[in-house]
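Subject: Structure handover

Hello,

Here is the structure to look at. Please open it first and then read the notes below it.

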Amino acid sequence: MNANSSAERIAAKPRVDLAVWFAHYGTLVSLAALLAIFSLARSDVFPTVDNLLNIMNQISILGTMAFGLTVCLVMGLFDLSIAAMATLGGYVATLLLVKYTDSVGVPEAVAISIGISAAIGIVNGLIVSYLGISAFIATLATGSIITGAMLGISNSKTIITGIPDEFMAIGQGAIFGVSNPIIIMLAVGLALWLLLEHTQLGRHLYAIGGSAEASRLSGIAVKRYAPFALAVCAACAGLGGLMAAAVLGAGRPQGVGDTYLLNAFAAVFIGASSLRPGKFHILGTLIGALLIGVINNGLSVLGVPTYWQYIVQGCLLVIALFSAGVLTMRRH
Amino acid sequence: MSEIEAHSAPAATAGAVLSGCDPDAFLEVRGLVKQFPGTRALDGVDITIRRGEIHALLGENGDGKSTLIRAICGASAPTEGRILVEGVEVSLPTPQAAAALGIAVVHQHFNLVPQISVCENLFLCESMPRRAGLFVDWGAMRRRAAKLLERVGLSLDPMTEVGALRPDEAAMVAIAKAIGTDARLIILDEPTTALLPAEVSILFGHMRRLAADGHSFLYVSHRLAEVFEIADRVTVLRDGRNAGFWTRETISRRAIISAIVGGQKVWSEEALSAPPANGAVVLRAEGLKGGRVEDLTLELREHEILGIAGLPGSGAEEALDLLYGRFAARGGRLNVRGKDVVFHSPRDAKAAGLELVPKDRHAESLLPGASVRENISLPNLHQYLADPIVRFINRGKERAEAGEVAARLSVKMASIESPIASLSGGNQQKAILGRWLASGAKVFMLNSPTAAVDIGAKAEIYQLIREIAASGAAVIFTSTEVEEFPRVCQRVLVFRDGRIVGQLLGKDATESNILNLAAGGADER
């Protein structure tokens, strides 16, 4: 009887199911629809190469952070410390450059600030794996500690003067007309895509996210992966904050990452509802980040008040998750 | 078989009494039939439960016990037959109707909320006493709870959180909750699964006292030894029919086991005709202990299919987990292919050439959202690496090997990239076994590999197990279905209370012999 029903399932496969199709391509369709609507509404401003590059530039920090977040969500770990981590990444880099002007160059400052972020990510992972605290709470705690530490170290003062131009070039320069942040985002995305899709490590991350017990019984050292995934996420968040500092030309000790936290989660979850419903993946995250960027850019080009951006984004998130959820519900 | 006939005499006389109206009966069930599409789960079942007796209901999975319970407690209406409570015919369309007549069920996990107090749990289903119709009157509730606990003989602060109770106390709270709703007949469905032996005897003490007060119990359990200890009368179901009835005076372990097992063919030609296992020793355990396992001593040879049998909680299933390093050993020695080993995790066990197919496919072995390919290649990704540093995976090679394994096991699927969730249970299980064929494991440990698998796939999986052994690997097999051992294994070790209490070889490894050893014993009654 079971064999029969599986045969039926196989036979039923070629029929296009609208809900299944929507779950896979719904976000792409809405992205295309939004692009078309905005292009028609403001054909003079919106559909230009400059504006499209502008959108990419606007989402580059968000995208970089969201890619990192994808890696730990693949394992089922929520990282709420990315906001504080971004603040840390930008502030530490500028602090080093200003305070140790002679001994620390831009490459060292970048390496140290991302290194510190990654190290805190490893601590997050150790707390999760070996103290058995859920990532949600553990990263909430470390995020709070980082926020406090930054305020203490900085005396709440923003670093503005003395930041070298080489550092600001990270955020403001361009190669062949494509701004550096876009290139950084795409490079991070490509690297993490290769990691998740094509290496043993990435496959193990997906396996653990799917079933930790099955992975453990298959001989995977499950506990070693949380520190890795959270370190990757933290490094990306630190890098994102560093890019923000370079764009701004200032090292702020608070509030840099907060704007990115919810958008990064939104991008990753919208991504999990595209192409491969129910699965977090880098390409999906890119689509999610683009969708957010297009909405924000398009609405502001149309002159719609800013608050609408939040409302539209929230609605979109619900629709995206529902369309992915419909499929999961039908599967069982 | 002869034993069954010997004991059918008391069953017949008892039956004669029952067909009249038993003046002591609280509940009488007559000719109950439950027809499901395609199967008849109950086919004319009779059972009489007297006031103040502990009546055991036995039978294998799928023989109708649950269906009978569901009919008695009003969860599903029977197709035919009569149910009488205190001599009056009743209909039980809903659980509430059954509860109103004094019939309550205590399920295996007691249906208690662990985070709140005993007191709140006792009054969860009825309205709590209140002040001004709004606020819970804690004082009154506490007094009522204390009175109820006193009635069942439990000295316990009613404000204790249920999660902090011992399992036997939790069981008694569940029983108290039933008595609080004036239950006269309490159906206990596998209440001792989570209980330790000492806790079981405390629970039995309480049950006997409540029975003396006139409460009746219908006791359902797999643990035969406990049934022989507690039951006043025993009813056995087989294939949805009455297969025997015993009173305390006539109880015979052998006869009851024969009735449970029935007259089926008890061993398979294939298992017996397998070549004798005289290969090299691949695994040797001496006095290994951990979890519920107190002493695991065995020797396993190439080509061998060894069964480890035991009733639930005996440690038989844990023995496989222990060998695979799922939890730490507290002592003893383990030797795999001539090397002394200590496994700190399944990873170590896998490296030594062992593998485990756990019992719960969905919770422990499947990657639910992944494809068939990903499920098969899970433990074997290191075989497909394109480079040793970044560890890129050669997906073509991975796909080819997964496809080959799936084809060899004739896994029915649309393609190797289909989601594993789209396969039937049997095909999912074949993919899981295929996972380890591809890994080249030398010792296969299988816990209930045919659970939730249809009959056709079962036969294929048995055949696959034989092929694994024929190819030179060794197999350790355990199952919650005792009837599988004679079909699969050449040698069966029987566990009781964490120790091996006997070994059965070839034709002696029958279901009834296994159950007899597992249930306690050499002391024949």
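**Two helices in chain A**

Helix α4 (residues 82–99) of chain A packs against helix α12 (residues 258–271) of chain A at an angle of about 135°, and their axes are 8 Å apart. Axes are lines fitted to C-alpha atoms, for helices over the stretch in contact, and angles run from 0 to 180 degrees between N-to-C directions. Helices and strands are DSSP runs (H or I, at least four residues, for helices; E, at least two, for strands), numbered from the N terminus.

This is a predicted model, in which local features need pLDDT of at least 70 and side-chain atom pairs count only at pLDDT 80 or more, while totals for chains, interfaces and linings use all residues. Residues are numbered from 1 along each chain as its sequence is written, and chains are lettered from A and ligands numbered from 1 in the order in which they are written.

α4(A) and α12(A) are therefore oblique to each other (angles under 35 degrees count as roughly parallel, over 145 as roughly antiparallel, 65 to 115 as roughly perpendicular and the rest as oblique). In the contact, A:I82, A:A83 and A:A86 of α4(A) meet A:D258, A:Y260, A:L261 and A:A264 of α12(A); two residues are in contact if their C-beta atoms, placed from the backbone, lie within 7 Å.

**The sheet in chain B**

In chain B, six strands form an open sheet with mixed pairing, in the order β6-β9-β10-β3-β11-β12. Two strands pair if DSSP finds at least two bridges between them. β6 (103–106) and β12 (241–247) of chain B are at the edges with a single partner strand each, so one side of each has no neighbour in the sheet. The twist from one strand to the next averages 20°.

Strands β9 (residues 185–189) and β10 (residues 216–220) of chain B run parallel and are joined by five bridges. B:I186 stands opposite B:F217 in β10(B). Helix α6 (residues 167–180) of chain B packs on the sheet and touches β6 and β9 of chain B; its direction makes about 165° with that of β6(B). Helix α9 (residues 253–261) of chain B lies across β3 (54–58), β11 (233–238) and β12 of chain B, at about 25° to β11(B).

**Where the chains meet**

Chain B has 35 residues in contact with 26 residues of chain A. On the chain B side, α12(B) gives the most, with four residues.

Regards
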